[in-house]
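Thank you all for coming; I would like to walk you slowly through one structure today. Please keep the picture open while I talk, and look up each residue as I name it.

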Amino acid sequence: MNNNLIYDIDLSKIPKHIAIIMDGNGRWAKSRFLPRAAGHKAGVETIREIVKEASRLGIKHLTLYAFSTENWKRPKPEVDTLMKLLSMYLQNEVNELHKNNVKLTAIGITKELPSICIEKLNYAEELTKNNAGINLNLALNYGGRADIKNAFIDILKDYKSGKIDINDIDEGIIKNYLSTKSIPDPELVIRTSGEQRLSNFLLWEVAYSEFYYTDIHWPDFNKEELQKALFVYQNRDRRFGGLK
C-alpha cells in the first residue's frame, strides 16, 4: 500500500471517521461552460473514487453531505436532477459496494425523499447491513439543527413517559438520540471549492473535529487530494482543550 502513497501518511493514525462537504459541482461545470447537471454527474464519479481510496487507507466511516434540508430551495429542475442522480447511483453502485464489503447507511429525513429514492436506499441499506468494511454514510435531506431538534423532542417524550430521568441526561444520552448515534464523531471534516463554513452539517458532532478547506471543486477532488488532507490532519496538534 505504501507504494501508492503520494504523501507521507502514517497508516497507523488514520482517522476513524471523515466527513466531507462536497461543494463546487456547479462552479466546476460553469468553468467549463457546461450545465450544472454535468457538474453533479462528474461529482458522482468522484464519490466512487474517494470511497475506494478511503477504504484502501483504512478509514472506517465516511460521511458525505449529499443533500441538505436547505437544498430544496434550489430550482426544481436541479433538485429533480439531484434526485435522479441519487436514484441512479444507488441502483448502479449497490452491487459493487456490496462486493467490496461497503456498508451503506443514511442520515437525515429520508422519508421526505422521492419514493423511488427511498425504495432504492432501503434496498441498499438492507443488502449491505452486515458488511464489515468502510461505512459509507450519506447525509440526505439532512440538517444539523433539524437533527438536534428531533433529538430534543424524542428526549422530552421519553422523559414524560418515564423512560429517562432528567438528571441522567448528559452528552452521551443526547448523542444516542441523534441520527449519528451508531458512528463516532468525525475527526476530520473536509470542504471543497473554497467555502469555509459548515452549512448546517453535523453541528453537534464536529465539536472537536479538525477542518480542512481546499479550493479544489468536488469533481476534481481525487485520491491524491484526500491523501493531502490526511497529511495536513496528521501534522496538527490536537489538544481537545488541554495541554501537552
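Gln234 is found in helix α7, which covers residues 223–234, where helices (H or I, at least four residues) and strands (E, at least two) are DSSP runs numbered from the N terminus. With a relative accessible area of 21%, Gln234 is partly exposed; buried means under 20% relative accessible area, exposed over 50%, and partly exposed in between, with a 1.4 Å probe and protein chains only. The C-alpha atoms of Gln234 and Pro15 are separated by 8.9 Å, although the two residues are 219 apart along the chain.

Before I go on, please note that this is a predicted model, in which local features need pLDDT of at least 70 and side-chain atom pairs count only at pLDDT 80 or more, while totals for chains, interfaces and linings use all residues. Residues are numbered from 1 along each chain as its sequence is written, and side-chain values use heavy atoms, with hydrogens and water left out.

A second pair of this kind involves Thr46, whose place is in helix α2.

Let us turn to the strands. How many of the eight residues of strand β2 are buried? Seven of them are, so to speak, under cover, and the strand, residues 61–68, is mostly covered. Strand β1, residues 17–21, pairs with β2 in the parallel sense over five bridges, where two strands pair if DSSP finds at least two bridges between them. Ile18 has Leu62 as its bridge partner in β2. β2 also pairs in the parallel sense with strand β4, residues 135–142, over seven bridges, and His61 stands opposite Asn135 in β4.

Now for the pockets. A pocket, on a 1 Å grid over the protein atoms alone, is an open set of points where a 1.4 Å probe fits, with protein on both sides within 12 Å along at least five of seven lines, and lining residues have an atom within 4 Å of a point. The largest pocket has a volume of about 700 Å³. Of the 32 residues that line the largest pocket, Met22, Asn25, Tyr65, Ala66 and Asn71 are the closest to its centre. The elements that give two or more residues to this lining are α1, α2, β2, α3 and β4.

Next comes helix α5, residues 144–160, whose 17 residues, at 1.5 Å a residue, should span 24 Å, and whose end C-alpha atoms are 25 Å apart, which agrees; the expected span is 1.5 Å times one less than the number of residues. Which residues of α5 are buried? They are Gly144, Asp147, Ala151, Ile155 and Asp158. Seen down the axis of α5, these buried residues fall within an arc of 75 degrees, so they line one face of the helix, the arc being that of the directions from the helix axis to the C-beta atoms. The face turned away from that buried side carries the exposed residues Arg145, Phe152, Lys157 and Lys160.

Finally, a word on the backbone. Most residues other than glycine have a negative phi. Asn101, in the loop between α3 and β3, has a positive phi near 70 degrees, and at 33% relative accessibility it counts as partly exposed. Ser193, in the loop between β5 and β6, has a positive phi near 75 degrees, but Ser193 is buried, with a relative accessible area of 7%.

Key. Points joined across faces, edges and corners; volume = space filled by probe spheres on them.
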